[in-house]
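Colleague: I'm new to this one. Could you walk me through it?

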Amino acid sequence: MVFWSAMIGGAVAVASAPVVLSAVGFTGAGIAASSIAAKMMSAAAIANGGGIAAGSLVATLQSVGAVGLSLTAKAILASTGCTLGALLVP
């Protein structure tokens, strides 16, 4: 039972990341207007004097929203999801 819960947890984590990013506004076409992502970008730009720093959270999430997750990111999400899935089984 723990095995299946772990596998489902890993699959859900990897599959849901792009959906969640798109829902908050980090899309393949850029940051969606009037979205949470747009508000994050605005706050980051104000904090950095008008620009978005390379490697910042907003820049990283936009990159993932535009091109998808790297193999390393998928592995990290899968292992985290597997661990949480296994822990949720009584």
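Modeller: Here are a few questions about its core and helices.
This is a predicted model, where local features need pLDDT of at least 70, side-chain atom pairs count only at pLDDT 80 or more, and totals for chains, interfaces and linings use all residues. Residues are numbered from 1 along each chain as its sequence is written, and side-chain values use heavy atoms, with hydrogens and water left out.

Colleague: What makes A17, L21, F26, A37, A44, V58, V64 and L69 a nonpolar core?

Modeller: A nonpolar core is a set of buried Ala, Val, Leu, Ile, Met, Phe, Trp, Tyr and Cys residues joined through side-chain atoms within 4.5 Å, and buried means under 20% relative accessible area with a 1.4 Å probe, protein chains only. Those 8 residues form the largest such set.

Colleague: Which residues make the contact between α2 and α3?

Modeller: M40, M41 and A44 of α2 meet L57, V58 and L61 of α3, contact being heavy atoms within 4.5 Å. They divide into 6 nonpolar, no polar and no charged, where Ala, Val, Leu and Met are among the types that count as nonpolar.

Colleague: Why are the buried residues of α3 said to be on the same side?

Modeller: The buried ones are V58, Q62 and V64. They cover an arc of only 160° around the axis, so they sit on the same side of α3; the arc is that of the directions from the helix axis to the C-beta atoms.

How values were computed: Buried < 20%, exposed > 50% of the residue type's maximum accessible area, 1.4 Å probe, protein only. Helix = DSSP H or I, 4+ residues; strand = E, 2+ residues; numbered from the N terminus.
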